[in-house]
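Please keep the structure in view while reading.

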Amino acid sequence: MFYQPQHKILATVAANTIDNNKLVIGVEINGEAKAYPIELIGYHHQVQDTVGGSPVMVTYCTVCRTGRVFSPFVDRKFEKFRLVGMDHFNAMFEDATTKSWWRQATGVAVAGPLKGTALKEIASTQMTLDAWVRQYPNTLIMQPDPAFTKQYKGLEGFDNGSINSGLEKRDTGSWKFKSWVIGVQIGGRAKAYDWNELVKKWAINDTFQNTGLLLVLERDGGSFHVWNRKVNDKVLEFTFEPATETLNDTATNSAWDMNGECVGGELKGSRLTPIQAYQEFWHSWESFHPGTTRYSAEKK
């Protein structure tokens, strides 16, 4: 079960067959961009590929709703991995050489000779394919492997949480076992943001670990961003207009787009720095980030 694709098909935007509203895990390295639909990698659990000349291991656990991308090197040796089971609801991979077991949500080996070591994580982004293509129009997009057509159908509805599965279906309330959160980790500390709160506000300005954060939900309802809101040594405050999908900073009233670029005003040409963040189930974030704080529990 859950084997890697037999036929790894990557298509240009012109040849793509994936619906533009589908969620993808996007990776960009050395100027090359690739998108991996989560309803496809969610079945396979891992897909090994090369992006910008660098080997990558794109992983997803549907029971935790965790997408992670790792470098598949262990002690500088390219390694093969296989799915061996689940622990605390999270997928576990075994490397072929040492037989150590690696947790998908963290990349940390939890059993075997390499226990306590971690795979190097590679920056990734989750958003709709349409939003990813807007940012990377020359991207390649992973296509369904015809050998797994029946298996893919079992994950229909996973993107929006409407799948008919108690382990993978979303709790629509806040801070429930299967509620969606956005997780951020800075300086060894973790914080979770209620997805419902972001849907209600569209944009959240916060400070965590002395870092000014800006969380934004795009109008498509699925693409989100977390940026550092410090620009030119000043921490900015932002408002968001959903109708035009435009951010404005209150200090200069400059206009910013959904790629994090200032497109008008005093700060035109400036860019916000992305912060690695994840959308996942609350039970997963809480389990693998003990001591995490919750944004919605604070008075704002």
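Helices (H or I, at least four residues) and strands (E, at least two) are DSSP runs, numbered from the N terminus. The model is predicted, so that local features need pLDDT of at least 70 and side-chain atom pairs count only at pLDDT 80 or more, while totals for chains, interfaces and linings use all residues. Residues are numbered from 1 along each chain as its sequence is written, and side-chain values use heavy atoms, without hydrogens and water.

A nonpolar core is a set of buried Ala, Val, Leu, Ile, Met, Phe, Trp, Tyr and Cys residues joined through side-chain atoms within 4.5 Å, where buried means under 20% relative accessible area (1.4 Å probe, protein chains only). The largest such core has 32 residues, and Tyr 36, Ile 41 and Val 56 touch the most other members. Among the elements that supply at least two residues each are strand S3 (32–37), helix H1 (38–44) and strand S5 (54–61); strand S2 gives the most, five residues. A second, separate core of 18 residues includes Trp 180, Ile 182, Leu 213 and Phe 281.

Four strands form an open antiparallel sheet in the order S17-S18-S19-S26. Strands S17 (203–208) and S26 (273–274) stand at its edges with a single partner strand each, so one side of each is left without a neighbour in the sheet. Two strands pair if DSSP finds at least two bridges between them; S18 (residues 211–217) and S19 (residues 224–228) pair over five bridges, and Val 216 has His 225 of S19 as its bridge partner.

Pockets are found on a 1 Å grid over the protein atoms alone, as open sets of points where a 1.4 Å probe fits, with protein on both sides within 12 Å along at least five of seven lines; lining residues have an atom within 4 Å of a point. Grid points are joined across faces, edges and corners, and a volume is the space filled by probe spheres set on the points. The largest pocket holds about 500 Å³. Of its 23 lining residues, Ser 124, Thr 125, Gln 135, Tyr 136 and Pro 274 lie nearest the centre, and S19 supplies the largest share, four residues.

The second largest pocket has a volume of about 300 Å³. Its lining comprises 15 residues, with Glu 39, Leu 40, Pro 144, Tyr 152 and Glu 156 the closest to its centre. Helices H1 and H3 (149–153) each supply at least two residues of this lining.

Methods
Buried means under 20% relative accessible area, exposed over 50%, partly exposed in between (1.4 Å probe, protein chains only).
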